[in-house]
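Please examine the sequence and the three-dimensional structure shown below. A short briefing on selected elements accompanies them.

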Amino acid sequence: MDNLFTAFRDPKLAAVLTEKLSMYKGNTINIMEVCGTHTMSISRYGIRSLLPEGINLISGPGCPVCVTPLYFINSAIELLENKDVIIATFGDLMKVPGSHSSLLKEKAKGKDIRIVYSPMDSLKIASNNKDKRVVFLSVGFETTTPIAALTILKAHEEKIDNFSVLSANKTIPNALKILAMDKDVGVHGYLYPGHVSAIIGTKLYEELASQYGIPGVVAGFEPLDILHGILTLVEIINDDSKKVVNEYKRVVSEEGNTEAVRVADKVFSACDSVWRGIGNLPLSGLSIREEFETFDAWKIYNLKPYTAEETPGCKCGEILKGRLKPTDCKLFGKSCIPENPVGACMVSSEGTCAAYYRFREV
C-alpha cells in the first residue's frame with residue numbers, strides 16, 4: 001500500500017502537472033471541490049498555492065457535519081432531558097455548537113452520550129441496555145446512509161424496540177443543482193466527491209452537466225489525483241464542453257454500488273432538508289419510510305424542527321456556498337479555533353475552516 005500511495009504523490013509528476021496548469025492564461029475559472037476530504041487534501045498538500053491566478057478553488061458543502069442544521073443539535077440535546085435516553089453519535093458531532101450548548105458540554109454535565117464508530121455499535125448498546133432507549137444521531141451523505149439503513153433493518157429483524165434513529169442524512173446532487181443556479185457562486189466546474197460517487201456512480205452528474213451546463217471530474221484524494229483532475233477540468237471548460245470525466249475509475253463506476261443504493265432506498269425516502277448555512281433544499285434529505293417509523297426518533301419523541309439563529313458574525317453559511325474563504329471571516333483563528341469552534345466548519349475534521357486553520361492557508 002505504501003508503494004501505491006507513493007506513486008500518487010510523486011513530486012516529479014506533480015511538477016509536470018503544475019507546469020501545465022501554470023500555462024493557463026484565460027478568464028478566472030471557479031472550480032468547486034465538493035468533498036470535505038478533497039478540501040483537506042488540497043490544504044494539506046498546498047495545492048492552491050500551486051495554481052495560477054486564474055484558477056480559483058472554492059470549497060463546497062461536502063462535509064456532512066458542517067451542513068447539519070443547528071436545530072438537529074438542539075433536538076438531540078432536547079432528547080437528553082429524558083433520563084432514560086442514551087445518545088449514540090459519531091465523535092465529529094460532539095463539539096458542534098447548538099443554540100445554547102453542545103453534546104460535549106452535555107456529556108460533561110453527566111448526560112449519557114456515547115461515541116460510536118458505526119451505527120451497528122449503537123444497536124449493541126441498545127441490546128445491552130434494555131431499560132434504556134438508545135437514539136443514534138445519523139448524519140451524512142450517500143456514503144454513510146446504507147449502513148444506517150442496514151442497522152434499522154437489523155433492528156427490525158431482531159425486534160429491538162428500544163432503538164431509534166434521528167436522521168439528518170442528505171443527498172449531494174440536489175444541493176449541487178441549487179449551487180449551479182446561484183450566480184453569486186459562479187461555479188464553472190465541479191470536482192466531484194470520490195466517496196459519494198463510489199455509491200451513486202456518475203450518471204447523476206451527466207444530468208447536472210446537461211441541464212445546468214457545468215462540467216465535472218470525479219477525482220481521488222491523493223495530490224496527483226487532484227492536480228490531474230483540475231487540469232482535466234480546466235481543459236474541458238476551455239473547450240466549452242459540458243461533459244463529465246471519471247478519473248477515479250479504480251474506485252468509482254458509472255453505475256455505482258447498486259446494492260448499497262437499494263438498501264438505502266428500502267429504508268429511506270427523499271424529503272426536503274435544511275442545510276446549515278444554505279437553507280431548505282427540496283428533496284435533498286432522507287427520512288425514514290413509514291414502514292420503519294417505529295425507529296424514527298423524530299416521530300417517536302414528537303420532535304419539531306425549528307428555526308434557530310446562527311452565532312452572530314459566523315460566516316459558515318457563505319463559506320459553505322463558496323462565496324467566502326475562511327480567512328474572510330472575522331472570527332477565524334481568533335474566537336473560532338478547533339479547540340473552541342464557533343461554527344460547524346471549524347468543528348469537523350473535514351471542515352473548510354478547520355483545513356485552512358490546520359494548514360494555515362492564506
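This is a predicted model: local features need pLDDT of at least 70, side-chain atom pairs count only at pLDDT 80 or more; totals for chains, interfaces and linings use all residues.

Residues are numbered from 1 along each chain as its sequence is written, and side-chain values use heavy atoms, leaving out hydrogens and water. Helices (H or I, at least four residues) and strands (E, at least two) are DSSP runs, numbered from the N terminus.

**Helix 2**

- The end C-alpha atoms of helix 2 (residues 11-22) are 16 Å apart, which agrees with the 16 Å that twelve residues should span at 1.5 Å a residue; the expected span is 1.5 Å times one less than the number of residues.
- Ala14, Leu17, Thr18 and Leu21 of helix 2 are buried, where buried means under 20% relative accessible area with a 1.4 Å probe, protein chains only.
- They lie on the same side of helix 2, because they cover an arc of only 100° around the axis, taken from the directions from the helix axis to the C-beta atoms.
- At the start of helix 2, the backbone nitrogen of Lys12 has a side-chain oxygen of Asp10 within 2.8 Å.

**Strand 3**

- Five of the five residues of strand 3 (residues 85-89) are buried, so the strand is largely enclosed by the rest of the structure.
- Val85, Ile87 and Thr89 point one way, whereas Ile86 and Ala88 point the other way.

**Neighbours of strand 3**

- Strand 3 pairs (at least two DSSP bridges between the strands) with strand 5 (residues 133-140) in the parallel sense over four bridges.
- The bridge partner of Ile86 in strand 5 is Val134.
- Strand 4 (residues 113-115) runs parallel to strand 3 and is joined to strand 3 by three bridges, with Ile113 opposite Ile87.

Technical notes: Buried means under 20% relative accessible area, exposed over 50%, partly exposed in between (1.4 Å probe, protein chains only). A polar contact is a pair of N or O atoms within 3.5 Å; within protein, one must be able to donate a hydrogen and the other to accept it, and residues adjacent in sequence count only if both atoms are side-chain atoms.
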